[in-house]
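Thank you all for coming. I would like to walk you through one model this morning, going from helix packing to the sheet and then to a pocket.

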Amino acid sequence: MYTVGLEKLVDKMKLENCTPDIDISSIKITQPEVNRPALQLTGFFDYFDSDRVQIIGNVEHAYLQKMEKDHGIGIMRKLMSFKMPCIVFCRGIEVSEEFIKIALEEGVPILRTDKTTSSFMGEVIRWLKVELAPRISIHGVLVDVYGEGILIMGESGIGKSEAALELIKRGHRLVTDDVVEIKKVSDDTLIGTAPDITRHFIELRGIGIIDVKTLFGVESVKNTQSIDLVIKLEEWVKDKEYDRLGLEEQYTEFLGNKVVCHNIPIRPGRNLAVICESAAVNYRQKKMGYNAAQELYNRVTNNLMKKKW
């Protein structure tokens, strides 16, 4: 199970800590969703998602304010007894001394933000889904070509890094070389990034390690990129049949998500950078509803039909 420290959430969302006496360095968040305690404030705690970040907005705060003081304090004490990661008050709501006292007794951090409840929840959920997403590390190169994330794979020494370097010189951006960390942020989206230790570096056999950011500037690198297309480089085999039309899409799978995949045979003289650019543009055309292979098939079919009649 992946976790994210509460300190990281506080820093990322710029939250005010109303209970600085509580040590938050050891508190971990395990769930990417958040919870607004509604029925819990009425005393119904069945099916309470206490392991989520709890959000208090105007509605919840107004409801607590209408309660008798002792009853409201009792409800908050019961709520905090579940040891949730934290409670966040939105819209800059002032937290009463009674609530802070209970929080200190129960060891539940109370945080505060000036953001509206809905926008804050959206930001937190989006960020936590990325931080807590299932992930794997694979051998490959990830580049941003015309806005499409292309993952170049293949045996060691086949030319992945050289292809990436040529793409960078042509104005595209490097995400990571050698090791790609892939996160599944949704059933449709895979995000690739580089390990901190190798970020912005490329290994070129015979030359060594080069720093892409230093040599080509900050516009030549990118920290994260969705993985839209996979290109697998393989040695040319004379007797092997390769797809020459592309009528049927081939896929590869990462973490249960399917990604369009092209197997590209390598021979001396082939310009891999141009092939990657063409693959990216062709993929974008297909997303926009135009399929060149299907268009050719339709033309051939129509031509045959005309000759037949």
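At what angle do helix H6 and helix H8 pack? Before I answer, please note that this is a predicted model, in which local features need pLDDT of at least 70 and side-chain atom pairs count only at pLDDT 80 or more, while totals for chains, interfaces and linings use all residues. Residues are numbered from 1 along each chain as its sequence is written, and side-chain values use heavy atoms, with hydrogens and water left out.

Helix H6, residues 160-169, packs against helix H8, residues 272-287, at an angle of about 70°, and their axes are 8 Å apart; helices (H or I, at least four residues) and strands (E, at least two) are DSSP runs numbered from the N terminus, and axes are lines fitted to C-alpha atoms, for helices over the stretch in contact, with angles running from 0 to 180 degrees between N-to-C directions. H6 and H8 are therefore roughly perpendicular to each other, a term that covers 65 to 115 degrees. On the H6 side the contact (heavy atoms within 4.5 Å) is made by Ala-163, Glu-166 and Leu-167, and on the H8 side by Leu-272, Ala-273, Cys-276 and Glu-277.

Turning to the sheet, six strands form an open, mixed arrangement in the order E11-E9-E10-E17-E19-E18, where two strands pair if DSSP finds at least two bridges between them. Strands E11 (173-176) and E18 (251-254) stand at the edges with a single partner strand each, so one side of each is left without a neighbour in the sheet. The twist from one strand to the next averages 35°. Within this sheet, E10 (residues 148-154) and E17 (residues 229-235) run parallel and are joined by five bridges, with Ile-152 having Ile-231 of E17 as its bridge partner.

Finally, which residues lie nearest the centre of the largest pocket? They are Asp-243, Arg-244, His-262, Asn-263 and Ile-264, out of 27 lining residues. A pocket here is an open set of points on a 1 Å grid over the protein atoms alone, where a 1.4 Å probe fits, with protein on both sides within 12 Å along at least five of seven lines, and lining residues have an atom within 4 Å of a point. E19 (257-266), H8 and helix H9 (292-308) each give two or more residues to that lining.

Notes
Angles under 35 degrees count as roughly parallel, over 145 as roughly antiparallel, 65 to 115 as roughly perpendicular and the rest as oblique.
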